Amino acid sequence: MKFSLSRMQIRHRPSSGLIGKARRIRGIRLDQPAIQCQIRFLLCSNGTDMDYDWLSDFEALAQHRNFSRAAAARNVTQPAFGRRIRALEEWIGAILFERTPQGARLTAAGEHFQPHARDLLNILDRARRETRVIGERNTTALTIAATHALSFTFFPGWIRRAMQAQALGAINLISDSMAACEQLMLSGEAQFLLCHVHQAVAPPFAADRFASMRIGDDVLLPLCAPNESGGARWALPGTAAEPTPFLGYSQASGLGRIIAACGGLHIGASATNLTSHLAATLATLARDGHGVAWLPLTLAAEDLDCGRLVRAGSDHLDIPVEIRLFRSPDRLNEAAEDLWTGACHHSQERR
């Protein structure tokens, strides 16, 4: 069975044609989703165009194998969801799911159609993103995702240096956790990602798809508040008698992944008091005397210079890290290409 995009017209909403005309029938409310679904179902056998949503419905049911859970995932009622699945089967001309008391499972025809449906969704999503980029080529809009720690201190100076010969234009900086930033890149909602990386942690993206460059260096230091004499209030390594209170990063944090991967920190006996995905939050907690936190020097430099934070251990506990810029595999607009070129030149000048 072959599927050709040139033969299949796909719509998000029925704004014209028979359904649009039917809306004008006096006394009948045909603008409700359930009624529209029934109309699509009835018109399928007459050669009506396929609805884009049916592909997503198919994927949801193939994944959940249960009409109720799949309908909830698609945010529609179960009866409406079932009608849409039947409409897709009618359009194809084959039963895609075997209905059983335990749920639904793919038939042989459904298993054959599944990779085609997934490919069509991916192609359409990529076409949408690339078309949007082409439409933005003459704009100066940039969307950059950056982890919280780098957004506060590193990013402002770096973007000025990288774009010193270019007008900055409009920049949308999204500051979030590493996990959230990764999703922004994978979904095509950000053109660049700025983050810390370490060789002990697997790269966040496949190198053959997401190009990256090293644009800076940083180091994670074990820091805590000073005691009355100016020394460390909490010393590393801790002991069983006096365990060191540890301020940790949550699982969503990229810095947390790095520290976990460098598990041989030899911090001795310790107890995790508080966790956060924000390095700035842990810095505040450390200044207030709640424990020891591994903080990036780019964030903690001023506190160290002013004596608000001090080292809690020797420099062999330091964790050197890179600051890298990842670019989206999608086509970039002119402003994004200018930024990438400027970042390359600035990175080469640092060496």
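Glu 89 lies in helix H5, which spans residues 78-92. Helices here are DSSP runs of H or I with at least four residues, strands are runs of E with at least two, and both are numbered from the N terminus. The structure is a predicted model, in which local features need pLDDT of at least 70, side-chain atom pairs count only at pLDDT 80 or more, and totals for chains, interfaces and linings use all residues. Residues are numbered from 1 along each chain as its sequence is written, and side-chain values use heavy atoms, with hydrogens and water left out.

Glu 89 counts as buried because its relative accessible area is 6%. Buried means under 20% relative accessible area, exposed means over 50%, and partly exposed lies in between (1.4 Å probe, protein chains only). Leaving aside residues up to four places away in sequence, Glu 89 touches Ala 94, Ile 95, Leu 96, Phe 97 and Arg 99; contact means heavy atoms within 4.5 Å.

Phe 97, one of the residues touched by Glu 89, stands opposite Leu 106 in E2. Strand E1 (residues 97-100) pairs with strand E2 (residues 103-106) in the antiparallel sense, over four bridges. Two strands are said to pair if DSSP finds at least two bridges between them. E1 and E2 form a hairpin, with two residues between them.

His 148 is placed in helix H7 (residues 148-152). Its contacts, again without residues up to four places away in sequence, are Ser 175, Asp 176, Ser 177, His 277 and Leu 278.

Gly 313 is found in the loop between strand E10 (310-311) and strand E11 (319-327). With residues up to four places away in sequence not counted, Gly 313 touches Pro 222 and Leu 236. Gly 313 and Val 292 are 21 residues apart in sequence, and their C-alpha atoms are 9.7 Å apart in space.

The relative accessible areas of these residues are tabulated below.

| Residue | Relative accessible area |
|---|---|
| Glu 89 | 6%, buried |
| His 148 | 14%, buried |
| Gly 313 | 14%, buried |

The secondary structure of the chain comes to 13 helices and 11 strands. The chain has 351 residues, and 45% of them count as buried. Among contacts between residues at least 6 apart in sequence, 76% join residues at least 24 apart. The chain exposes about 18400 Å², of which carbon and sulfur atoms supply 50%. Accessible areas come from the Shrake-Rupley method with a 1.4 Å probe, and for residues only the protein chains shown count as cover.
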